[in-house]
Every structure is written in structure tokens, then in C-alpha cells.
Amino acid sequence: MHEQAPPCLSEISRTGAQELLLRLELERESGRQTACLLLVHASKYAVLSGQPESVLHPEELKYFHSLSALKRKTDYLLGRYAAKRALLYLSPTPSAPDIHIRPGVFQQPVVIGRGCEELSACITHSGTFAAAIAFPTGHPLGIDIEWHDNAVLETLKQHVESPELPPTELCASEVERYIRVWTVKESLSKILQCGLTTPFSVLKLRADPIPNRRAWSGEFENFSQYRFISLSSPQLSFALVHPRRTKVVLPIEQIINFTS
Ligand SMILES: CC(C)(COP(=O)(O)OP(=O)(O)OC[C@H]1O[C@@H](n2cnc3c(N)ncnc32)[C@H](O)[C@@H]1OP(=O)(O)O)[C@@H](O)C(=O)NCCC(=O)NCCS
């Protein structure tokens, strides 16, 4: 979803950790692979923006300096930082500025760099957080985070069908119910690389009949090869879409606590 007005950077403060790195095992009948998820709080921008060349490739640095809006600069730098930390966890060979994450023709992130030839990343930013997941290119994953912004509720109601919504008792607010559906669809759209230019109805989801209190999960009407996991803190929803036959154990409490 395109960003709402962000909290002013000077208002952002955080006493706890600024980032959370999680190793995720991707278990399949044929074997096991590894992905890495990194969530970062916007308070990290103050340090990173003082030395963006320690994170960004020279081409990315040029783009970063061409940006005028602070919100986009923050999202871009934190998103690239998260993706590179996650990529370096999976392939420790290059340093962050050696990795170039350039936009493909659909604006999808394309990872270029020695040691990262078989790796990809998915990036997301919203409110005061950014996140990225790095994974083997042969095993696609999609993520999305979205701030619970009441201002988008009426718009979402026009795009989300009632049967798709999570049960009321699973969510703290009405906006959370709609945003959880939105994040799941956006995650799928990133795997498919079509973005939300695809009609929303095509990305229709079908939740599991018995909801789990902490993580809402299910599948898709038109993309039976994928499943989703959705979770939420009071201010933010998070979704992961993964291949159906892969078991992914998400440390749900850690993500909820970090984003609370
Ligand atoms: C993909 C999309 C749903 C993301 O929405 P958003 O509100 O920007 O949300 P997020 O912050 O969660 O995600 C942004 C990230 O998604 C990634 N992204 C953008 N387009 C993508 C696509 N088509 N496929 C996969 N990932 C994509 C980028 O890495 C981007 O971050 P970056 O610009 O800092 O690199 C939205 O940008 C969209 O619908 N794009 C359509 C793109 C498209 O088809 N363009 C055609 C132009 S020819």
C-alpha cells in the first residue's frame, strides 16, 4: 500500500533493540533450506544516514542522494540495509556495498553481487519499520508489513470481500482485520512480481477453517501452490507467503514483541 504520512523522524525513539534478525528453516520433503528475515526500526536511520556508503552500492548511493523526500530516503536505506543484512547472513562473502539491489522492470528487487548469485530478497516498509527477507531464488517467499492506519479503512473496504476477513475475535480493531488481508495479498503480489496492478479479486484468499489465535493462516483461491501466515502486533500487521509444501516455523512472539 502506498504510504500514509509517516511519524516525524524526530519523534521516533526506541529504547530496546533496533533490529531483529531471524533465521528461518524452510522444511520440505526433499530437504531443508534457509531464509533470513530482518526487521529494523526507523530509529536506526539516524546512524545509517551518517554513513550510507557503508550499506549502499555506488549506484544505490547515487539514487539515495537524488531523493528529496525524507520518508522515501528512510524507507530506501532501511529496506536496503535489512535486505543486505539478511543476504549477508546467508552468504557471508561480500560486504554490503558490494551487493547491488536494483529495481527490475516491475520494480521488483534484483540482487546482484558475488556470493549472492542464487539468492533473492523481498523488501517492505511501513510506519516506523522496514523488513526484508533473503531466500534461495529457487524457493520464492514474499513478505509485507503494514501500519494500522485508520485513514485507509474506507479504501480497503472497497477492495476486500467480507468472507476473506479474519474472525473479529482474532483482531484488536476493524482496521487490523482489513490490513491483515491487504498484507497477505501484497505479499503474494510480490512473489508473483505483479504488484497490486493485478485485480484484487485474483489474489483472493481462503483462510484455514480453524483459526489459530496467534497466527492466522490459509491458502489462495487461484494460487494453490502458495500459503500464507499472518500475524499482528497492536500497531502493525505482518504477512509471509510461502510455497504450499514448505513448512516454515515463524517465531511469532518475537516478531510481535519487536513490532509492539
Ligand atoms: C509491489 C507493491 C505492491 C509494493 O507496495 P508498497 O506500498 O510500495 O509497499 P512495500 O513498502 O511493502 O514494498 C516496497 C518494495 O516492494 C518491492 N517491489 C516493488 N515492486 C515489486 C514487484 N513488482 N514485485 C516484487 N517486489 C516489488 C520493492 O523492493 C519496494 O521497495 P524499494 O522500492 O525500496 O526497493 C506496489 O509497489 C505495486 O503494486 N507495484 C506495482 C509495480 C508494477 O507493477 N509496476 C509496473 C511499472 S512498469
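**The shell around the ligand**

Modeller: The ligand is surrounded by 20 residues, and the closest are Q107, Q108, T124, G195 and L196. A residue is put in this shell if its C-beta atom, placed from the backbone, lies within 6 Å of the molecule. This is a predicted model, in which local features need pLDDT of at least 70 and side-chain atom pairs count only at pLDDT 80 or more, while totals for chains, interfaces and linings use all residues. Residues are numbered from 1 along each chain as its sequence is written.

The elements that supply two or more residues to the shell are α3 (70-90), β5 (119-126) and α5 (174-192). Helices (H or I, at least four residues) and strands (E, at least two) are DSSP runs, numbered from the N terminus. By class, the shell holds 6 nonpolar, 10 polar and 4 charged residues. In this scheme Ala, Val, Leu, Ile, Met, Phe, Trp, Tyr, Cys and Pro count as nonpolar, Asp, Glu, Lys and Arg as charged, and the others, Gly among them, as polar.

Taken over C-alpha atoms, the centres of domain 1 and domain 2 are 23 Å apart. The domains also touch each other: 9 residues of domain 1 are in contact with 9 residues of domain 2. Contact here requires that the C-beta atoms of two residues, placed from the backbone, lie within 7 Å. On the side of domain 1 that touches domain 2, β2 (31-41) and β6 (129-136) each supply at least two residues. β6 gives the most to this side, with 3 residues. That side of domain 1 is made of 6 nonpolar, 2 polar and 1 charged residues.

Q107 sits in the loop between β3 (100-103) and β4 (109-112). Q107 is exposed, because 9 other C-beta atoms lie within 10 Å. The cut-offs are these: a residue is buried if 20 or more other C-beta atoms lie within 10 Å of its own, exposed if 12 or fewer, and partly exposed in between, with C-beta atoms placed from the backbone. The phi of Q107 is positive, near 70°, in a residue other than glycine. Most residues other than glycine have a negative phi. Q193 has a positive phi as well, about 65°, and is not a glycine. Q193 belongs to the loop between α5 and β8. Q193 counts as partly exposed because it has 14 C-beta neighbours inside 10 Å.

Five strands form an open sheet in the order β5-β6-β2-β1-β12, with antiparallel pairing. Two strands are said to pair if DSSP finds at least two bridges between them. The edge strands are β5 and β12 (247-248), and each pairs on one side only. α3 packs on this sheet and touches β1, β2, β5 and β6, and its direction makes about 35° with that of β6. Axes are lines fitted to C-alpha atoms, for helices over the stretch in contact, and angles run from 0 to 180 degrees between N-to-C directions.

β7 and β11 (236-243) pair over 6 bridges; E146 has S237 as its bridge partner, and I143 stands opposite L240. Both faces of β7 are covered, with G142, D144 and E146 buried on one side and I143, I145 and W147 buried on the other.

Conventions:
Domains from an automatic or database assignment.
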